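Colleague: Could you take me through this structure? I would like to begin with the ligand and then turn to a few individual residues.

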Amino acid sequence: MSIDIPYEKYASQFLKQLPRGAFLTVKTGDTLNTMTIGWGSIGYIWQKPVIMVMVRYSRYTHELMEKAADFSVSVPLPGELKKDLAVAGSKSGRDIDKFQECKLTAKNAKSIESPVIDECGLIYECKIIYKQAMQEDNLDSEYRDKFYANNDFHVMYFGEILSCYTRE
Ligand SMILES: Cc1cc2nc3c(=O)[nH]c(=O)nc-3n(C[C@H](O)[C@H](O)[C@H](O)COP(=O)(O)O)c2cc1C
């Protein structure tokens, strides 16, 4: 069972968990993958509730996000699924099926094609409405050197939150 909630209700819980990891899940055609994210934001843009996630070019997830219409962000309850976050954040979906490896359940979403992770306490379902590749010249040089020495920049994906709910 799930309980629909206003998108901002657990925003602080989302932001607190984010540096520890959440699952970004995307499906395009028959291809499904999830990866751990630690950076992102939640807010209100274009008169919509929006989540922004950042995916480096090197990720398999980037390949899928480029073809997908939507994504989900599944947030574990505090302290839960630590091992799975570590696996999803270090192994690539190019090499393994992370759902099988971690025994995570890809559950049908309410509003989008990409599934959600049933074991997580807080779910956001998002439709991609804007994407923006980072522009190197626009970035503070200290940040550039610190985070992008290998030129593996992020693409930012903005998703309108269509559904937000918690596990009962
Ligand atoms: C805690 C944590 C947070 C992470 N955050 C991000 C992130 O926000 N963006 C990103 O591109 N990679 C991030 N990563 C790295 C990816 O999750 C990792 O490279 C993953 O293996 C990519 O999987 P894929 O190739 O199946 O897409 C993070 C890893 C960890 C452990």
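This is a predicted model: local features need pLDDT of at least 70, side-chain atom pairs count only at pLDDT 80 or more; totals for chains, interfaces and linings use all residues.

Colleague: Which residues come nearest to the ligand?

Modeller: There are 20 residues around the ligand, and Gly 38, Met 54, Thr 61, Ser 92 and Gly 93 come nearest. A residue is near a molecule or strand if one of its heavy atoms lies within 4 Å of it.

Colleague: Which backbone atoms lie by an oxygen atom of the ligand?

Modeller: A polar backbone atom of Thr 36 is 2.8 Å from a ligand oxygen. For Tyr 60, a backbone N or O atom lies 3.0 Å from an oxygen atom of the ligand, and for Trp 39 the distance from a polar backbone atom to a ligand oxygen is 3.3 Å. On its own the ligand has 650 Å² of accessible area, and the protein covers 82% of that. Such areas come from the Shrake-Rupley method with a 1.4 Å probe; for residues, only the protein chains shown count as cover.

Colleague: Thr 61 was on that list. Which side chain makes a polar contact with Thr 61?

Modeller: The side chain of Asn 33 does, at 3.2 Å. A polar contact is a pair of N or O atoms within 3.5 Å; within protein, one must be able to donate a hydrogen and the other to accept it, and residues adjacent in sequence count only if both atoms are side-chain atoms. Asn 33 is in strand β3, residues 31-37. Strands (E, at least two residues) and helices (H or I, at least four) are DSSP runs, numbered from the N terminus.

Colleague: Is Asn 33 buried or exposed?

Modeller: Asn 33 is buried, because its relative accessible area is 3%. Buried means under 20%, exposed over 50%, and partly exposed in between, with a 1.4 Å probe and protein chains only.

Colleague: Now Asp 152. Where is it?

Modeller: Asp 152 is in the loop between α5 (141-147) and β10 (154-167). It counts as buried because its relative accessibility is 12%. Its side chain makes a polar contact of 2.5 Å with the side chain of Ser 58. Arg 59 is 93 residues from Asp 152 along the chain, yet their C-alpha atoms are separated by 9.6 Å.

Colleague: What is the phi of Asn 151?

Modeller: Phi of Asn 151 is positive, near 65°, although the residue is not a glycine. Asn 151 is in the loop between α5 and β10, and it is partly exposed, at 47%.

Colleague: Which residue of the β4 and β5 hairpin takes a positive phi?

Modeller: Trp 46 does, near 50°, in a hairpin with two residues between the strands. Strands β4 (40-45) and β5 (48-56) pair in the antiparallel sense over six bridges; two strands pair if DSSP finds at least two bridges between them.

Colleague: Finally, which residues touch the most other members of the largest nonpolar core?

Modeller: They are Phe 14, Ile 51, Val 53, Phe 71, Val 73 and Tyr 124, out of 28 residues. Apart from it lies another core of 14 residues, including Leu 81 and Cys 102. A nonpolar core is a set of buried Ala, Val, Leu, Ile, Met, Phe, Trp, Tyr and Cys residues joined through side-chain atoms within 4.5 Å.

Conventions. Residues are numbered from 1 along each chain as its sequence is written. Side-chain values use heavy atoms; hydrogens and water are left out.
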